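Okay, thanks for coming, everyone. Let me put the structure up and talk you through it.

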Amino acid sequence: MKKRITILFFILSLFFSLNVGAQCAMCRAALGGKENNVQAQAVNDGIVYLMAIPYILVAGIGYGVYRIRKNKKLD
């Protein structure tokens with residue numbers, strides 16, 4: 001039962017996100033000011049997108065290893 005709750009929590013957490021400012025100091029200085037608001041938001045979105053890809057890859061590899069180990073236990 002506890003395993004199902006944990007899996008459900010992780011699946012549901014994929015559908016919810018928080019609006020965070022993920023700029024580095026140099027990007028913030030270059031895009032600071034009110035006139036660059038749209039560009040700053042685009043840079044934030046790009047940073048978050050690039051950050052998410054490695055996590056998705058690691059999760060996929062972890063799931064693959066889990067399935068391989070589970071299948072070996074059953075044999």
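So, H3 gives the largest share of the lining of the largest pocket, six residues. Helices here are DSSP runs of H or I with at least four residues, strands are runs of E with at least two, and both are numbered from the N terminus. Helix H1 (2–13) and helix H3 (37–74) each put at least two residues into that lining. The names, if you want to find them, include Phe 10, Ile 11, Met 51 and Tyr 55. By pocket I mean an open set of points, on a 1 Å grid over the protein atoms alone, where a 1.4 Å probe fits, with protein on both sides within 12 Å along at least five of seven lines; lining residues have an atom within 4 Å of a point. The pocket holds about 360 Å³ of space, taking volume as what is filled by probe spheres set on the points, joined across faces, edges and corners.

Now, a word on what this is. It's a predicted model, where local features need pLDDT of at least 70 and side-chain atom pairs count only at 80 or more, while totals for chains, interfaces and linings use all residues. Numbering starts from 1 along each chain as its sequence is written, and side-chain values use heavy atoms, with hydrogens and water left out.

pLDDT, the predictor's confidence in each residue from 0 to 100, averages 82 over the chain, and 88% of the residues score at least 70. Helix H2 (residues 25–30) has the lowest confidence, at a mean of 71, and H3 the highest, at 88.

Overall, we've got three helices and zero strands. Of the 75 residues, 7% count as buried, meaning under 20% relative accessible area, with exposed over 50% and partly exposed in between, using a 1.4 Å probe and protein chains only. Phe 9, for instance, is at 55% relative accessibility, so Phe 9 counts as exposed.
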